[in-house]
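Biologist: I've just opened this one. Can you walk me through it?

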Amino acid sequence: MAERVTLTIDGRAVEASAGELLIAVAQRAGTYLPRFCWHPRLEPVGMCRQCLVELEGPRGRALTTSCTTRVAEGMVVHTTSEAVRKAQEGVLEYLLVNHPLDCPVCDRGGECPLQDQTIAFGPGESRYVEEKRHFAKPIPISDLVLLDRERCILCARCTRFAEEIAGDPLIHFVSRGNTTQVLTFPGEPFSSYFSGNTVQICPVGALTAVPYRFRARPWDLEAVESTCPHCSVGCRVSLQASANRVVRLLGVDNAHTNQGWLCDKGRFGCEYLASPERLTTPLVRGKDGELHPATWAEALARAAAGLRSVIDGEGADAVAGLGGARSTNEEAYAFGKFLRATVGTGHLDARLGDALSARFLTGLPRRGAIDDLEEAGAVLVWGPDLKEELPVLYLRVRRAATRRGARLVVVHPRATGLDPVADHVLRYRPGEGAEMLRRLSEGEGEAAAARAALEQGPLVAVVGRPGLAEDPRLAEAVAAFAEGFPGARVLPAARRSNLYGALDMGLAPDLLPGRVPAGDLSAREALAERWGGLPGAEGDDAEGIVAGLQEGRIRAVVLLGCDPAADFPDPARAAAALGRAELVVAVDLFLTESSRRAHVVLPALAFGEVEGTVTNLEGRVQKVNRVVPGPGQARPAVEILEDLARLLGHSIGGETAEALAGEIAASPAYVGITWASLSRGEGRDGIRAATPVPYDLPLEAPGEETGEMALHLARVLYDRGTLVRQGQALAGLAGAASLHIHPADAARLGIPEGGTARLSGRSGVSGLPVVLDPSLAPGTVYLPFNLGASVGDGPVVSVEAAP
Amino acid sequence: MSERILTARMQAHPGDSHTLERYLATGGYASLRRAVNELTPAQVTAEVKAANLRGRGGAGFPCGVKWGFLAPATPHYLVVNGDESEPGTCKDRQLLERDPHQLVEGTAIAAYALGVHQAFIYVRGEYARPARRVQRAVDEAYAAGFLGAGIAGSGFDLDVTVHLGAGAYICGEETALLNSLEGRRGEPRIRPPFPAVEGLYGQPTIVNNVETLSNLPWIIEHGGAAYDALGPEGSRGTRLFSVSGHVARPGNYEVVMGLSWRDLIYREDLGAGVRDGRALKAWIPGGASAPWLVPEHLDEPVTIDDTARLGSMLGSGAVVVMDETTDVVAAALALVRFFAHESCGECTPCREGTTWLLRILERIVRGAGRPADLDLLLDISDNISPGLRWPPAQTTICPLGPSATAPIVSLMRHFRPEVEARVLPGAGAHG
């Protein structure tokens, strides 16, 4: 704990920790000092000079920038003296001499720090009568961000963000003096996954976002706080709508999760809500084999009758449910209760065969918090490329390594976004993870130094599946290894947004709501009594359900906001499985690869259209809120499931999500986590759920099949996922599938750079453009997942030059 | 007074004073030999302190005291500031070009005193020949064992790297110089931390001017006391002045400080008076950043402290003389244009304020001035350098902004009626 000091601000005694920045101390004490370059999450630079104050010193009072002054005992500060007032006015006048004052056509107008602070601290009018500085305006610096250099006040917030926080130093000051400007390198756009943050922190309208430009005025916006639905980091956002349409997301500074930042997928990925392809009415497959609009009554009756017929004919065991990982906790809970208590099946899974074991993801004994990274001495990342899959967690790990002094070890089959700031990078071939883990734990060879770095604890290990072709049990052995270090904490890294919440709600065959293992007999009995029924045996997971559909053992499947025909590691197999079902009921936002194969499609409300809670990868439960009504006849999933349950002669007690929230708050892990507690005080930053029954991690890494060439199948941020494809801003950012191969392998196999190749695994695909990637472990090829090419998810593949 | 410390060799041997052969033949490297083999670093520092040598880069900070601020962390560095860019200043150029070994020896002596094993000589980018000469001197010194491992037979190691700037005045400011040396934009750093605590690559660093370090061989040879005996208290030793402008005999002159401005401008062996017998109007005593002096100051002594008392400085030693025909508004415009052009753009008051001053002066010279412009010029200046006092206060990060106000303040202090006449209705364009 830092030493406490007392200083005097405008004659008032103020307490602070030694070394805190004066500007922040003053603000806490109620004295807001105007500022442009200073941002609490960036290193201070003292460039704009707006925050000048007077400090008393041995040679009298002197003007100094409060953003670069660290408080000390006995410091005497004046913030309202004549000298300070004149300096502040002077700086504001300077900032305005070249500012175009085109506020009426500027997105920032109405919420602009330059406007606000000019009114509060600036001169009434300018004395400047000369010609202003002119630049072409605006110019695109990426597909998402436009730059107006006339409005820019050169505070360097954007350039510092890009370099310090994102690690994408693609925008810079160019030229000098009065012609200084922010620019990209010629031909190198600011194509950072985090570019939108610069728009948010720009204190003027110099940086504007293409998707939001001219869409709304700040005073028209209706805003609620919510949680981003795109991945499992759970970034806190301000969800802003105009005319019943979500037009903008801003990052909210939740100290525990996103610290104010968002990735561009989260920030600009809200356009799908207003996509013209949103489902606005139920659809029922007609005799002609096509889907036709239907009334809710018709559609629900058809779905209920279909389910009833399968249950009566082949037993509840012939019904399965997939999905829920993109839903709220309340929707997931309703889904689980519907499947287990109403239908009576144990076949249910929120994962799509691409995650880790449910017990691992919910029962990690030493599960860490994202915030543990702040004090970490060492960080091990052995899981997905965080920059691609959990971008804001990437920012937090990057911060730990670059700003907080943590030693970073990255283990991955190819270069990841964190490699440039890692102290040690280890490569291995998919399928040989067990051997890599043995080398790391024994400190053998190149792994010795990495092993030593991990000793610089406390250790935070981010553990997940590096690629979808690898055995998920490897991650459990890695976690067990990490937990062996004193003070170690483990963050499980699986991407899909509310996967953790869905599992916590029991959407896995081996889990009951509240992180209780399904094998816990007394818990089962208690739940069966409360719910009025529970299947006797544990059912199948997603893999088993797909297999069951293929074998004909499972005849009906209910999909809740999931698209296995695109998102399953082997999408073709999942699509074929759906095709064999007697009944597919899809509760969805769109007609996807999966829902277009359904017999009944029920349009649901989405993020921003319903209230509820979600749970992130550290087990933090946060509120999501409603700001728009949603399209057409779409309804909350909870109500849809309750109606279905009633038609099947049961009730899940889910007329409203809030009613179910009460049941959830009574489950072991979520005791006391109510909507009310999440909506006030510190609860707004979320409350972490408990781990009532810790999971025993297996110490042994699985042996895996290996061959001459191994497949690294991994996700990229912008893929062909529904939510990306349905938004204008992001859809164009998804690349095309390509095959990455080590230059030595390419040479050996006679595959020329720029040529095309055939990749064969469980299935084969030809004509893949070849990219030489020396960062790959030799003997490995990398295929981005869900970019339109698939060979299944087996680790062993073969490659040959082929058109 | 013909005492010469810095320029003795180049005066006596104008043809080859830059060569190692000549340097050795005239006693060169004896001081370094002695320092590293016979003196402790503390003894060397004590001599420099005893000499009361003040920095020649502009600020006039006592050299030995500055060395005392060097933080203990290692590695630490010595950086020689050869980014001489102040308009009218060309004295370091002469030292770099005509006696580079003297600088190399001074650098090595300082490095030994500081326990530094890596020094950098940062030479202004436009100084191609001086840089070549210094590089050659460094190469020769390595070959002769005065640099590198175990210099001059001692156990002391020193590497020296010569680095060329890229053409920015701001890089003469020591923290901008460090940024430039690191490959970053030449922009000043916020102080504290000062370079002696956190300088090059974040390590403790001493930055000394070329002329400052060129004095060291003499000080070690003759002793600090001998140096301290030259010139008045507070301005010990000799100093190189670059006298230019409307004098009959422009040039670099090494003089013992304490003579009068009249001597410097009029003495036959120095400036030799105003050209064509014209009357003196004003002069800049220490580079473009220094407020101007006028004939009433002619008999004031040329010392650091006396000049400060007059509200100006000896600065970089550039004396620019203006005769009675000078259009002082145009002169101020030229100076302000320089500062506006050289402002790095990092902080608001300098970036916006210097160009605003420039635009107004341009307008006045164009004949489109307004009476209100005079007070506006002063108030814009005041918002860069509050109070327009000496030494200057600043709302800026570094002194470049306040430097741009020096010509404005000088103009208004000494020639306000001339400016007023220019902004009267119907005054029309001049020059």
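This is a predicted model: local features need pLDDT of at least 70, side-chain atom pairs count only at pLDDT 80 or more; totals for chains, interfaces and linings use all residues.

**Helices, sheets and chain contacts**

Biologist: Which residues of α6(B) meet α8(B)?

Modeller: B:R93, B:L96 and B:E97 do, on the α6(B) side. Their partners in α8(B) are B:R129, B:P130, B:R133 and B:V134. Contact means C-beta atoms, placed from the backbone, within 7 Å. Helices (H or I, at least four residues) and strands (E, at least two) are DSSP runs, numbered from the N terminus.

Biologist: What about α15(B) and α18(B)?

Modeller: Their axes are 9 Å apart, at an angle of about 160 degrees. So α15(B) is roughly antiparallel to α18(B). The cut-offs: under 35 degrees is roughly parallel, over 145 roughly antiparallel, 65 to 115 roughly perpendicular, the rest oblique. Residues making this contact include B:L335 and B:F339 of α15(B), and B:I408 and B:L411 of α18(B). By class there are 14 nonpolar, one polar and three charged. Nonpolar is Ala, Val, Leu, Ile, Met, Phe, Trp, Tyr, Cys and Pro; charged is Asp, Glu, Lys and Arg; others, Gly among them, are polar.

Biologist: New topic. What is the strand order in the open sheet of chain B?

Modeller: β3-β2-β1-β4, four strands with parallel pairing. Strands pair if DSSP finds at least two bridges between them.

Biologist: Which strands stand at the edges?

Modeller: β3 (159–164) and β4 of chain B. Each has a single partner strand, so one side of each lacks a neighbour in the sheet. From one strand to the next, the twist averages 20 degrees. β2(B), residues 118–123, pairs with β3(B) over six bridges. There, B:F120 stands opposite B:T161. Helix α8(B) packs on the sheet, touching β2 and β3 of chain B.

Biologist: Now chain A. Is β22 of chain A buried or exposed?

Modeller: Five of its five residues, 489–493, are buried, so β22(A) is largely enclosed by the rest of the structure. Buried means 20 or more other C-beta atoms within 10 Å, exposed 12 or fewer, partly exposed in between, with C-beta atoms placed from the backbone. A:R489, A:L491 and A:A493 point one way, A:V490 and A:P492 the other. β22(A) runs parallel to β21(A), residues 459–464, and five bridges join them. A:A461 stands opposite A:V490.

Biologist: How many residues of chain B are in contact with chain A?

Modeller: 25, against 25 of chain A. In chain B, α15, α16 and α17 each supply at least two. The largest share, eight residues, comes from α16(B). That side of chain B has 10 nonpolar, nine polar and six charged residues.

Biologist: Last one. Where is B:R185?

Modeller: In the loop between α9 (174–181) and β4 (205–209) of chain B. B:R185 touches A:F173 and B:N179, leaving aside residues up to four places away in sequence.

Definitions and conventions: Residues are numbered from 1 along each chain as its sequence is written. Chains are lettered from A and ligands numbered from 1 in the order in which they are written. Two residues are in contact if their C-beta atoms, placed from the backbone, lie within 7 Å. Axes are lines fitted to C-alpha atoms, for helices over the stretch in contact, and angles run from 0 to 180 degrees between N-to-C directions.
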